[in-house]
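Subject: Structure for your files

Hello,

Please find the structure below. My notes come after it.

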Amino acid sequence: MLHDRLLVEPEIDASERHSTAGLVIPATAVGPKRLAWAKVVAKGEHVRQVDVGDRVLYDPEERAEVDLAGRDYVLLRERDVHGVAESDETDGATGLYL
């Protein structure tokens with residue numbers, strides 16, 4: 001990867017979602033714009049705040065998709081990442097910083 005680029009593998013999004021009340025929301029329902037999570041696979045030499053293996057939050061509308069060895073990846077700039085989730089090695093919990 002070059003410069004400030006990140007190669008991420010998007011998490012598979014279920015076609016249907018469930019509300020907190022247990023209602024099924026179909027994939028065709030129009031709702032607010034949603035951000036998506038992905039796992040960082042590779043990073044460029046100028047990336048400062050994200051490491052390989054981190055989960056990042058990004059906007060799926062602003063992405064460039066690439067197919068490598070039959071797997072789908074997304075190419076992002078570091079500035080396009082909205083948040084990073086890191087696992088806390090002391091208790092196994094996940095912390096989120098924005």
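The notes cover the overall fold, one hairpin and the salt bridges.

This is a predicted model, in which local features need pLDDT of at least 70 and side-chain atom pairs count only at pLDDT 80 or more, while totals for chains, interfaces and linings use all residues. Residues are numbered from 1 along each chain as its sequence is written, and side-chain values use heavy atoms, with hydrogens and water left out.

The protein chain has 0 helices and 9 strands (DSSP runs: helices are H or I, at least four residues; strands are E, at least two; numbered from the N terminus). Of its 98 residues, 22% count as buried (under 20% relative accessible area; exposed is over 50%, partly exposed in between; 1.4 Å probe, protein chains only).

Strands β6 (residues 64-68) and β7 (residues 71-77) pair in the antiparallel sense over 5 bridges (two strands pair if DSSP finds at least two bridges between them). They form a hairpin with 2 residues between them, and alanine 69 in the turn has a positive phi of about 55°. Leucine 68 stands opposite arginine 71.

The structure holds 5 salt bridges (a side-chain nitrogen of Lys or Arg within 4 Å of a carboxyl oxygen of Asp or Glu). One of them joins glutamate 9 and arginine 71, with the closest N and O atoms 2.4 Å apart. Glutamate 9 lies in strand β1 (residues 5-10) and arginine 71 in β7, so this pair ties together parts 62 residues apart in sequence. Arginine 71 is partly exposed, at 43% relative accessible area.

Regards
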